[in-house]
Amino acid sequence: MSSRKSVLVLGGSSDIGRATARAFAKAGYDVALAGRDVAALEPDAADLRARYNVEVGIHTFDVLDTASFEGFVAGLPALPDVVISIVGLLGVQESAQSDLVQATAIMRSNYEGPALIIGLFAEKFLGRGSGTLAGVSSVAGDRGRASNYVYGSAKAGFSAFLSGLRARASRGGVHVVTVKPGFVRTRMTEGMKLIGPLTVEAPVVGAAILRAVESKTDIVYVSGKWRLVMLIIRMLPEALFKKLKF
């Protein structure tokens, strides 16, 4: 059995998930990748083993199948030192406004599922008395905007969940990190009009998550510019904010 620290990446086949797994493997962590399509995880697992000489496992995980969560956790070969939830669904705001199926998928993928699985691991970690949990939320959750309030509201809920869990878990030796990437150039944002100075690449997010976990940071804006931008947006009077088209 390896003596190295271990990390479980939920959403391991996403661009940010892959970049995060690589950052942790490079730092010497054994890695477990989890996602709906285990076949898609195999090439990344093989690359990490060969490139960094660490142990890499793959597991089936569907964030919408909440009934499977307890079995998923119980089926892991060992409880990891770090769990990172990167799963999420951007969706299409215009469709979600009238399509309840899509709105439900967005809300469950970004809040219900991530919160429940992180909460389940939190109980295991608290029982052990150690561990770090990290959840990828979004700057979109800092204030609801007309252009993406379905997605933003789910991320706001996830951020609030992580905040409360962090306050509780800190008393039991468990640290909780909230990660807010902002614009990231990935397959999920392909075709979107991104703002260059506020946009980062997936490896930048992965490196930021690693630093936050190892330094026990509470809340991370991957680009420091977003902290200022969202501070200004949060301070805008509601009467003015309603008139803005973004």
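Where is Asp142 found? Asp142 sits in the loop between E5 and H6, and I shall return to this residue once the sheet around it has been described.

Colleagues, a word on the basis of this presentation. The model is predicted, so local features need a pLDDT of at least 70 and side-chain atom pairs count only at pLDDT 80 or more, while totals for chains, interfaces and linings use all residues. Residues are numbered from 1 along each chain as its sequence is written, and side-chain values use heavy atoms, with hydrogens and water left out. Helices (H or I, at least four residues) and strands (E, at least two) are DSSP runs, numbered from the N terminus.

I begin with the sheet. It is open and built of 7 strands in the order E3-E2-E1-E4-E5-E6-E9, with parallel pairing; two strands pair if DSSP finds at least two bridges between them. Strand E3 (56-60) and strand E9 (219-221) stand at the edges with a single partner strand each, so one side of each has no neighbour in the sheet. From one strand to the next, the twist averages 15 degrees.

Let us now walk through the pairings. E1 and E4 are joined in the parallel sense over 4 bridges, and Val7 has Val82 of E4 as its bridge partner. E4 and E5 also run parallel, joined by 4 bridges. Here Val82 has Thr132 of E5 as its bridge partner, and Ile84 stands opposite Ala134 in E5. E5 and E6 pair in the parallel sense over 6 bridges, where Thr132 has His175 of E6 as its bridge partner. Strand E6 (residues 174-180) pairs in turn with E9, again in the parallel sense, over 3 bridges. In that pairing, Thr178 stands opposite Ile219 of E9.

Helix H5 (residues 100-128) touches strand E1 (6-10), strand E4 (82-85), strand E5 (131-136) and E6, and its direction makes about 170 degrees with that of E5. Helix H7 (residues 202-215) touches E4, E5, E6 and E9, with its direction at about 145 degrees to that of E5. For these angles, axes are lines fitted to C-alpha atoms, for helices over the stretch in contact, and the angles run from 0 to 180 degrees between N-to-C directions.

Next, the pairing of helices. Two packed helices are described by the angle between their axes and the distance between the axes. For H5 and helix H6 (residues 149-169), the axes come within 8 Å and cross at roughly 10 degrees. H5 is therefore roughly parallel to H6; angles under 35 degrees count as roughly parallel, over 145 as roughly antiparallel, 65 to 115 as roughly perpendicular and the rest as oblique. Among the residues in this contact are Ile106, Met107 and Ile118 of H5, together with Phe158, Phe161 and Leu162 of H6. The contact residues divide into 17 nonpolar, 4 polar and 3 charged. In this count, Ala, Val, Leu, Ile, Met, Phe, Trp, Tyr, Cys and Pro are nonpolar, Asp, Glu, Lys and Arg are charged, and the others, Gly among them, are polar.

I now return to Asp142. Is this residue buried or exposed? Asp142 counts as buried because its relative accessibility is 15%. Its side chain makes a polar contact of 2.7 Å with that of Lys180 and another, of 2.6 Å, with the side chain of Tyr221. A polar contact is a pair of N or O atoms within 3.5 Å; within protein, one must be able to donate a hydrogen and the other to accept it, and residues adjacent in sequence count only if both atoms are side-chain atoms. Leaving aside residues up to four places away in sequence, Asp142 touches Lys180, Tyr221, Met230 and Arg234.

Finally, a note on the loops. Asn53, in the loop between helix H2 (38-52) and E3, has a phi near 55 degrees, a positive value in a residue other than glycine. Asn53 is exposed, at 63% relative accessible area. Lys216, in the loop between H7 and E9, likewise has a positive phi, near 55 degrees.

How values were computed: Contact means heavy atoms within 4.5 Å. Buried means under 20% relative accessible area, exposed over 50%, partly exposed in between (1.4 Å probe, protein chains only).
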